[in-house]
Structures are given as C-alpha cells and as structure tokens.
Amino acid sequence: MLQRKSALLGSGQEFVFGHASGGGLHVATAPIGFGGDATLAAGCFRDTFPTRTEKLLLNTGANQVAIAFRQWLGDAEKRRFTAIVQRTTDFIGIASLNGQIQYINPAGLELVGLDALDHALRLHVLDFVSPQDRTTVKREIWPLVLRTGRWKGEFELRHFGSGMPIPFLVDCFRIDDPRTGQPMNVSTVSRDLSEQKNSEAALRNLNESLERRVTDRTFELAHANEGLVAERLERSQANLRFHKLQNELSRAARLTAASQMAAALAHEISQPLTAVVNSVNAAKRLLARGGPANSLTAQEVTDEAAGQALRASEIVRSLRQLVSTGETEKRPEALASLIEEAGALVLSGIAPQEVHLGFELDDGARIVLVNRVQIQQVIINLIRNAFEAMADQEPRRVTLSTKALDDDMIEIAIADIGPGIPGAIAGRLFEPFVSSKHDGMGLGLSMSRSIIEAHRGQLTAEPNPGGGTIFRFTLPSGGAANGD
C-alpha cells in the first residue's frame, strides 16, 4: 500500500488506506531532509490520527534522524582523514599565522628527531629551519604564503638530535575559514629528499667516473689497434691487451646498468608518492570547503591515496626481496582475479576504443602459488609490449589465455597480432639491454624472466601462427605447492 502511495510519501501529506470492515489506516508522513530521498511515515487505525501533537512529534523525529545521520557521516570522514595524516611517511605540520607550532604528525616528528609532540608545540616554525635558510623563510617565503596562499620549493630543515641539515620538498599553504574566508593557519606537506639527493649525487659521480674510464679505455684501444696494424709480430700481445680492455668495458657497462636501474626505481616510486601527496592535498581542500558532495569526493580521493601508498610499499618490498635473496614470498592467489586486475591497470591508461584485450581462462587453472605484485608486473609488461608493438596498425588485439599442465604447473600465454620479433634480436630477446624499441632500455623482459625463474617457472617467446608473437610462462599451481 505504501508503494502505491509512493508519490505522496515525500510531500508531508496525510492519506487513508481503505479497509473491508469500513475502517481505514490513517497515515501521516514527514520528509527526513535528504531532498525527497527519505521519508518517515506513521499510521494508526484511530480516525483522529494524526493530532497536532502527533504531527509535531513526527516532524521532530524526522529532523533528528537527518541531523544524526549527517553528524555520523562527518565524524567518519574526520576519522579517515586523521588516520591518513597519522600514518603517512611525509612531514605534515600546522602552525598559527605567527608561526607557532600547533601540530606535527608522527612521521614528521621522527624525521626531525623529536620524540614527542609536546616538545614541538613549544617551538616556532623557524626553529625547524636550518640556519642558512632561516632568513629566506622569514623574509620571503612566510610573507608570500600569507599573501598569496601557497609556496612550493626546496629548503633544508634541521635535525634536532644531530643538528645536520635535511633537504625537503616543501609544499606550504594557507588555510582559510570556509565561512568567513579569513586566514586561520599555515600548513605544510613536505617530503624528505635525503635519499633522492644521495642517489642523484652517487649517480653523477658514477657517470663522471664512467665517462673518464671509457675515455681512457678508448684511447688504449685505439693504441692497441694501431699496434696491431704496425707490428704484426706483436699480434698476440695486442690481442691480450684488447681482451683486457673488453673486460674493463664490460664491467663499466654493468655499472651503467646499475645506475639506470637505480634511476628507474626512483622514478617508479616517486609517481605513487606524488599521487599520495596530491590526493591528501585535494582531500584537505575538499574537506575545508564542506558539504556532503565534497566529503564523499574527499573519501574517494583518500582511498586512492591509500591504494597508491600501499602499492609503492609493496613494489619496493618485493623487488628488494628478489634482488637481495633471489627468492620471493609466495602465497596462493586466484589466477583469474590476478590477471583481470593486471589487465585493468594496463587499460586504465589507454583509450578503450583503440585496443582490445581478450581473456580465455581455463576453469582447471584457478589457483597459483606466487607473489601477486611481481607476477602482475610481468603480465603488465608483456601486455604493454604487445600493444606497443601494434602501435602502427589496426586492429590492436591481445589475447591472454591460461591452461593447466600435467606436471602441476599452469601456463599463461599472451598473444598479439603484431609484426613479430625482428630476426636480429630474436635469439637475444631476454638478454639485458636488448630491445626492439628505439627508446627501450631492454630491461623489462630480462627482469620478467628473472621473476618467473624465481617462481620455478620458464618464460619463452614464439611466433604466433596467425601473425605476431606469443609469450608463454609457467607458474606452480596452488595444489602442487601444498602437496595436494
């Protein structure tokens, strides 16, 4: 009966449902206050219902429900935001307009060598700045933030324990009262650049040393070649010198590979960390504006920040484990969800009308014993390679299939319909620094093979009979790993 009267429920009207006995159910409604989306209704067989007092009680109850629900939503958003600020590894601080410290998160206290917030609350902003940067902060940066609302750049904070300067990427911004628009506080979200600066310095030193060594070896090689031409009797000795120089150049190439890997890892990790900072800033601005829509959007943004932070942490942990021990932590994983999630990550950066990714999954190949993040890295790398190989053709189609093998292994195949692998590199496809891309480093397939072999599997490539290439790799099934 209420469904038949749904058009009247949000209007605050009264109506009667007829009854066979001649009586009727008297119903009164009151909107809860969500724009017509929710209604409080009450009914009685007494024909005098509702009285004036009963109508007042019904409206009061509806208003109390709306107030309580909005208060609950606001408290939940505050708890989520507080958890993110407390757990982030960045320096987050809030100060008054005159520079008196009002809050610093746990990670920020640890970065500057303070053991408790009470100690920080007795300090001024300038107490945190290294002596050589204090004048700039006091006379230029702080007035600029108060005047324009924001400043972003680099300067050094000091460590209260050792007194040593710490380089930081500082994002300093003013917080205004959302009701009056008047400035209230100044806040910062800052990132410790110590490791990045050390890596950059080490990389510069390594490159400079490598350039000097390559130059020296090049001159020696030229001299050796001249000796080969001029003195045939000393050919044997010249050959020995030539091989020695080759070994030195090979070692130099390995040093170059190390520097490139360090740069690539730093780049990969900086992206999710930058996304975390941007998401936290966006959430803070949304919460400052107020309103249900902004609160819901802020919740989505903070969820994205948490996901990016967890993914960055997992990438570092799994790669460090693989490189340091040659082994990797594995556990049973649902193969279908693992593959579909990896495919979604690839397609998120490509227009859906430009590519097609198909799946042919064997119902008998359901569980694998793997490190989820590492195997997804392999799948993402192979799918991206396939789409890039077909960049100049239409259609661009990749098919990912699974198959259970007799030896308690599962095979995953990724097939494209592209131009295939050039014959000049087909035999060296999985060697480091071998790539068919004009700007490729040649490390993706080499790293992918290392990951698969760490899972006791094999990674191979073969021509696709219909044109293109098929990459196949095997993984242990969950049943085989558990002795089932």
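In which loop is the place of Pro50? Pro50 sits in the loop between strand E3 (39-44) and helix H2 (52-87), where helices (H or I, at least four residues) and strands (E, at least two) are DSSP runs numbered from the N terminus. The model is predicted, so local features need pLDDT of at least 70 and side-chain atom pairs count only at pLDDT 80 or more, whereas totals for chains, interfaces and linings use all residues. Residues are numbered from 1 along each chain as its sequence is written, and side-chain values use heavy atoms, with hydrogens and water left out.

Most peptide bonds are trans, and most residues other than glycine have a negative phi. The bond that joins Phe49 and Pro50 is cis, with omega about 0 degrees. Another cis peptide bond joins Glu394 and Pro395, with omega about -5 degrees; Pro395 lies in the loop between H11 and E12. Arg456, although not a glycine, has a positive phi of about 65 degrees. Arg456 belongs to the loop between H13 and strand E14 (459-463).

The largest nonpolar core has 34 residues. Such a core is a set of buried (under 20% relative accessible area, 1.4 Å probe, protein chains only) Ala, Val, Leu, Ile, Met, Phe, Trp, Tyr and Cys residues joined through side-chain atoms within 4.5 Å. Ile375, Ile379, Leu382, Ile383, Phe387, Phe473 and Leu475 touch the most other members. Among the elements that give two or more residues are helix H11 (372-389) and strand E15 (469-476); H11 gives the most, with eight residues. A second, separate core of 25 residues includes Leu114, Trp142, Trp151 and Ile166.

Methods. Buried means under 20% relative accessible area, exposed over 50%, partly exposed in between (1.4 Å probe, protein chains only).
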